[in-house]
Amino acid sequence: MQEILDAINAGATGDDIANIELPETYRAAHVLRSEQEMFEGLESAEKDPREALHVGEVPLPELAPNEVVLANMASSINFNTVWTSIFEPMSTFGFLDRLGKESEWGARHAQDFHVVGSDASGVVLRVGSAVRNWKPGDQVTVHCNYVDDQDPSAHNDSMLAANQRIWGFESNFGGLADISIVKANQLMPKPSHLSWEESAVNALCGSTSYRMLVGNHAARMKQGDSVFVWGATGGIGAYAIQLVLNGGGIPVGVVSSPKRAELLRAMGCEAVIDRREQGYKFWSDDTTQDEREWRRLGKDVRGLIGGDPDIVFEHPGRSTFGASVFITKRGGTIVTCAATSGYMIEYDNRHLWMKLKNIISSHFANYQEAWNMNRLIDSGAIQPVLSDVFTLDTVGDAALKVHRNEAEGKLGVLCLAPEEGMGITDPEKRERIGEDKITLFRRMS
Ligand code: NAP
């Protein structure tokens with residue numbers, strides 16, 4: 001791997017890079033099939049990703065014609081790595097086995113190890129024989145929509161493909177490793193003004209928020225819309241706030257500490273709610289919700305922006321969904337992509353139908369949506385929300401922080417990149433966009 005890293009750092013040509021011999025094994029963060037029952041009987045909060053995530057050598061698989069081998073300079077922690085490493089809501093080996101039965105190339109994924117990670121920035125080392133648009137030496141970021149385009153269902157919106165998967169979660173050979181194997185249609189140009197770790201953190205969370213708010217398939221925010229965002233300094237929330245501001249909307253952001261409230265204000269969000277300070281108790285016990293508390297939140301929102309939100313950006317799930325449906329404006333939209341606190345959801349349907357509200361589901365993003373989000377990052381309109389950086393060897397510590405809701409924005413992970421700050425190829429553009437803006441989360445978290 002050292003030869004690969006030296007070549008990249010020395011600015012070697014694509015031809016030189018293509019001639020470097022690939023190793024037979026590579027360093028990767030992975031969970032083991034033999035340990036998938038290790039946390040049985042424990043509560044979610046007691047499960048420690050550090051115990052399940054191993055960092056060690058795994059064999060490099062053969063390359064399919066439509067794939068590339070990528071030298072991963074950096075990656076990031078997403079919540080799906082937390083889910084994989086605590087084996088919730090199920091072990092991801094079931095996903096790998098299903099993919100394994102799909103085709104000859106799919107069979108490579110059904111291993112007794114699962115290399116996790118659904119983000120990466122890096123350099124193309126090899127391309128398969130069917131790859132047209134990319135070549136060795138290209139600097140790229142990777143989005144995680146893993147689609148087999150031979151299926152007709154993939155051709156209207158690839159997120160509707162019958163066999164759509166999330167790379168590094170429902171497939172093997174993910175991004176938290178020195179090398180990854182990705183389909184050519186996952187690649188996007190690396191933003192030239194960002195470092196490897198700043199480039200690596202945006203695709204999964206940013207594209208998810210883009211589809212939820214901006215793309216054609218979910219809430220389709222308009223200029224002037226007010227958008228209520230849970231977890232507004234978290235991974236998807238922090239991109240959501242930026243997309244609302246960039247698109248001429250009015251964000252109302254919810255956070256759970258004064259420090260996060262300050263960070264949110266520094267992003268330009270004026271309407272801020274600290275849910276811990278307010279002490280909302282939407283559930284009076286495990287089975288009963290308290291409408292008075294929904295009403296109190298609604299009143300607080302009206303106090304801040306003078307009305308009910310057109311859109312509610314929902315992902316905490318069971319703990320907040322009833323409140324989200326209640327506070328949405330008549331005719332407005334609740335857009336949901338997750339259920340961190342529980343997926344068996346309860347809300348008062350009278351408030352939905354009598355006020356003609358809509359609940360829209362959303363999941364990651366198709367290639368075009370991910371590409372559009374990457375373009376916004378590349379243009380400097382949207383900033384990375386990198387708050388801290390870990391090494392691959394300490395990936396378990398990073399996953400634990402996300403599991404415990406102790407991190408703001410995104411946590412970057414250095415894979416082959418030996419230190420932070422490398423990989424910026426257009427310093428003038430960086431200066432034009434502004435160091436302060438680009439590093440806001442790194443400085444304030
Ligand atoms: P994150 O970085 O941990 O941020 C989540 C934020 O949600 C936290 O910062 C926290 O903010 C807030 N939160 C957590 N529990 C809450 C609760 N019970 N009530 C209210 N707020 C709560 O995670 P993320 O990357 O943004 O992901 C959020 C969820 O979306 C995860 O479940 C993830 O798996 C899912 N996701 C889905 C997709 C998809 O494609 N479907 C893509 C990305 C993420 P405060 O404590 O400051 O309020």
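1. Asp310 makes a salt bridge with Lys329, with 3.0 Å between the closest N and O atoms; the term stands for a side-chain nitrogen of Lys or Arg within 4 Å of a carboxyl oxygen of Asp or Glu. Lys329 is partly exposed at 35%.

2. A word on the model: it is predicted, with local features needing pLDDT of at least 70 and side-chain atom pairs pLDDT 80 or more, while totals for chains, interfaces and linings use all residues. Numbering runs from 1 along each chain as its sequence is written, and side-chain values use heavy atoms, leaving out hydrogens and water.

3. Next, have a look at Lys47 and Glu88, whose side chains form a salt bridge of 2.7 Å, N to O. The pair links distant parts of the chain, 41 residues apart. Lys47 is buried at 10%, and Glu88 is buried at 17%.

4. Arg442 and Glu420 also pair up in a salt bridge, their closest N and O atoms being 2.8 Å apart. Arg442 is partly exposed at 28% relative accessibility, and Glu420 is partly exposed at 36%.

Note on methods: Helices (H or I, at least four residues) and strands (E, at least two) are DSSP runs, numbered from the N terminus. Buried means under 20% relative accessible area, exposed over 50%, partly exposed in between (1.4 Å probe, protein chains only).
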